[in-house]
Amino acid sequence: MGKDTGTVLRLNAITKRFGTLTANDRVSFSLGAGEVLALLGENGAGKTTLMNILFGQYMADSGTVEVFGQTLPPGNSRAALDAGVGMVHQHFTLADNMTVQENITLGVQPLFRPMLDKSAARSRIEALSERFHLAVSPNARVGDLTVGERQRVEILKALYRDVRILILDEPTAVLTPQEADDLFATLKTAVENELSVIFISHKLHEVMAISDRVVVLRHGKLVGEVQTDQTDRAALASMMMGGDIPATDVVAATPGATLLELHKVTTPDVGNAPGLKSVSLSLRAGQITGLAGVSGNGQAALADLIGGMRGPSEGRIDVNDVVPRRWSPQEAIRNGIARIPEDRHKVGTIADFDLTENAILERYASHPFSKGGWLSWRASREFAQDVIDKYDVRCPGPDTRIRLLSGGNMQKLILGRVLETNPQIILANQPVRGLDIGAVTYVHEQLLAARDRGAAVLLISEDLDEVMALSDVIHVIAGGRLSPAFARGQMSPTELGIWMAGQGFDEDMPHAS
Amino acid sequence: MEIFEILMSVSFWAAAIRIASPLILGTLGELICERAGVLNLGIEGIMVSGAFAGWMAVYSGTGLWTGVGVAMCVGMSFGLLHSVLTVPFGLSQHVVGLGVTLLATSGTYYAYRLALPEVTSPPKIEAFQPFEIPFLSDIPGIGPALFSQTPLTYLAFGLVLVVSLVLYRTPLGLAVRAAGENPAAVAAQGLSVTAIRMGAVTVGSGFMAMGGAFLTMSAFDSFFFEMVNGRGWICIALVVFGSWRPGKALLGAVLFAAFDALQIRMQQTSLGADVPYQIFLMMPYILSILALVVMSRRAEVPAALMVPFNKGER
């Protein structure tokens with residue numbers, strides 16, 4: 001890979017503020033031709049904001065972007081594309097109801113040209129997908145594709161536009177380890193074809209594996225810039241976290257009785273999302289059970305089942321050795337199941353309700369919040385204030401509408417409202433998604449404390465590192481099927497990846513363990 | 001059987017095609033708006049304004065085609081108003097749509113009173129006359145039914161083809177459909193979602209106004225306030241019925257029109273003597289509701305219909 005064939009892109013002192021938060025603080029760096037540059041940083045370090053500025057989706061408050069020596073006009077994606085910059089967003093920008101080809105050719109031709117040239121476009125897509133090992137059928141409907149395939153469509157979209165600089169925002173977050181390897185092979189081909197790549201990640205091993213050079217962001221500031229072959233993971237980690245890497249040492253668990261047990265439970269598929277396929281699982285007191293898997297493989301079905309949103313169509317669910325009569329969310333709550341929902345905005349809270357109302361959302365009908373059929377606002381407010389104080393929810397007060405809170409503070413309120421009931425069973429579905437590092441550490445500590453107090457915790461996460469760091473026992477879910485339980489440290493990420501790709505489940509395949 | 005005789009008659013099918021024409025134009029207009037992601041409930045009022053504007057223009061001495069153009073311009077101005085409020089400002093599409101309908105309807109009433117203060121019955125104009133297409137109109141059966149219509153009917157059918165081609169075969173159509181499916185995908189290509197949606201709503205509203213103008217300039221030769229009579233709302237249902245596809249929407253419009261033509265004729269049969277005529281009037285609507293229930297199960301709603309888009313919002 002050539003490294004000194006000149007600079008293709010330069011960021012000069014980019015600053016961007018959102019209200020009081022400075023997302024990017026005078027960030028400058030450059031990208032060489034044929035280079036893979038890793039942009040490393042924790043969640044919330046400002047990586048995505050920076051790339052959105054580069055790609056013209058946000059306007060910087062100050063600073064300039066130069067591509068091939070030309071300054072890009074700010075806030076203009078078209079100009080960035082025309083200059084040869086392509087971006088693969090973390091959240092794909094594809095239209096599900098349209099075909100792969102339609103998605104790729106959108107906006108390529110001037111709008112008022114009379115005809116779409118379909119056959120030429122098709123052969124060009126096929127040629128590109130062959131050259132860059134991006135197998136996908138041009139006529140497939142995007143809504144029917146897997147996440148990995150959708151990402152290929154996004155990359156093809158950029159390549160189709162003859163980009164010279166390809167930006168990938170957290171591209172491996174949604175991939176299995178094997179799919180990630182395929183992606184890296186594609187990136188190698190891209191570099192051989194004289195593209196330059198900016199690879200955004202917070203995963204150190206990927207950065208070490210794929211990049212030529214690393215730029216590290218922390219709290220919006222550029223804190224380090226090194227050649228990859230002159231550094232190691234520990235050095236990068238301390239740069240990224242600022243020296244104080246949070247302790248990941250977890251004291252071993254002392255598991256107790258089984259509190260919740262699923263016996264060969266099957267649930268129906270919902271749309272494209274698979275239901276559970278004869279899943280057996282036991283959650284034991286004093287133990288964190290981690291559920292690893294690529295998003296959309298039955299996690300939602302399992303969470304819905306345990307949270308009471310949906311009953312089993314086959315099989316049995318036992319809570320504290322009793323089969324509940326009618327399985328419903330109320331029944332789940334009565335049985336001491338606390339839920340931290342996956343989507344705190346849509347499911348966990350009601351945006352325009354205040355903190356008090358949100359704090360009693362699950363228990364408004366029970367003592368002390370309801371007295372003789374009337375809501376007791378005094379008790380509710382006291383409870384909300386309690387949660388705010390104990391769980392350090394930063395807010396003006398219990399009368400604040402919850403939509404005004406940051407994600408981390410919203411999550412703290414949800415955490416507080418469920419943990420204050422001393423729940424027996426905690427269903428934590430993506431509990432730290434989108435939170436900053438401080439909030440992540442806080443949530444993890446609270447889950448560990450609940451475990452040590454004797455609760456059974458089910459941790460569902462798409463972040464394999466998180467699952468491996470916290471869980472005493474790990475299951476992998478793929479296509480609605482559940483792997484056997486693996487003890488902490490029993491499996492390497494690669495071995496788990498095989499299961500995540502849905503391969504370990506066949507009887508005739510030798511088990512990795 | 002009398003119904004069978006009705007269904008076999010050329011005049012019945014000629015009437016069905018004639019009744020379908022304004023519905024086709026209105027449905028096409030609504031379909032364009034919704035494909036771009038905007039529900040345009042202003043359609044009822046825009047059709048009223050188009051009906052009045054086209055007729056008034058011709059009454060004031062312009063040619064018929066100029067009248068159609070005037071109607072389109074009036075419709076497009078209401079469309080522009082609708083799109084400014086719903087697209088860049090992101091206001092509720094329901095509220096704005098109903099507001100536009102009220103504004104356009106009452107604005108038309110006002111304009112009518114202003115233009116013709118002393119009149120008790122509205123004056124007539126020289127409307128479009130049926131034009132028999134050489135050779136085609138000589139085909140027995142379908143010839144007189146399909147090819148002895150007024151020019152606006154031919155235009156309506158032609159526009160179905162044009163809109164289909166534009167939506168599915170041109171870069172512009174691709175962008176319009178993508179704006180209704182995932183505006184973020186459009187913005188990521190550096191195209192303006194705002195411009196695409198505003199353009200679609202404005203053009204679509206022009207089509208709606210043309211549908212209204214058909215009533216005063218082809219179907220009748222004068223203007224009455226009640227003449228649009230809910231056709232706009234029918235068009236909204238027809239878009240769903242047609243699963244947001246121009247060809248299917250055309251079929252839906254013809255089907256509805258056939259029911260309508262049928263019920264008028266059934267009132268005059270022996271059955272009509274025993275059954276209250278209101279039952280017949282209800283018939284096309286009830287049948288439409290049933291058809292809608294069956295058809296809309298498989299309908300593919302544009303995923304971003306009624307979802308405002310703000311650039312830079314996460």
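At what angle do helix H7 and helix H12 of chain B pack, and how far apart are their axes? Select residues 151-169 and residues 246-267 of chain B in this predicted model: the two helices pack at an angle of about 155°, with their axes 9 Å apart. Because angles over 145 degrees count as roughly antiparallel, H7(B) and H12(B) are described as roughly antiparallel to each other.

Next, show the side chains where these helices meet. From H7(B), select B:Phe157, B:Val160, B:Val163, B:Ser164, B:Leu167 and B:Tyr168, which meet B:Pro246, B:Gly247, B:Leu250 and B:Val254 of H12(B). Sorted by class, this contact comprises eight nonpolar and two polar residues, with no charged residues.

Now move to helix H2 of chain B, residues 10-35, and select B:Thr27 within that helix. Is B:Thr27 buried or exposed? B:Thr27 has a relative accessible area of 1% and is therefore buried. If neighbours within four places in sequence are set aside, the residues in contact with B:Thr27 are B:Cys235, B:Leu238, B:Val239 and B:Ala249.

Finally, display chain A together with chain B. The contact between the chains draws 25 residues from chain B and 32 residues from chain A, and the area buried between them is about 2400 Å², with carbon and sulfur atoms giving 60% of that area. The count of salt bridges between chain B and chain A is one; to see a salt bridge, select B:Arg177 and A:Glu102, whose closest N and O atoms are 2.9 Å apart.

Notes. Residues numbered from 1 in each chain as written. Chains lettered and ligands numbered in written order. Predicted model: local features only at pLDDT ≥ 70, side-chain atom pairs only at ≥ 80, totals over all residues. Heavy atoms only, no water. Axes fitted to C-alpha atoms, helices over the stretch in contact; angles between N-to-C directions. Helix = DSSP H or I, 4+ residues; strand = E, 2+ residues; numbered from the N terminus. Parallel < 35°, antiparallel > 145°, perpendicular 65-115°, else oblique. Contact = heavy atoms within 4.5 Å. Nonpolar A, V, L, I, M, F, W, Y, C, P; charged D, E, K, R; others polar. Buried < 20%, exposed > 50% of the residue type's maximum accessible area, 1.4 Å probe, protein only. Buried area = accessible area lost by both parts, 1.4 Å probe. Salt bridge = Lys/Arg side-chain N within 4 Å of Asp/Glu carboxyl O.
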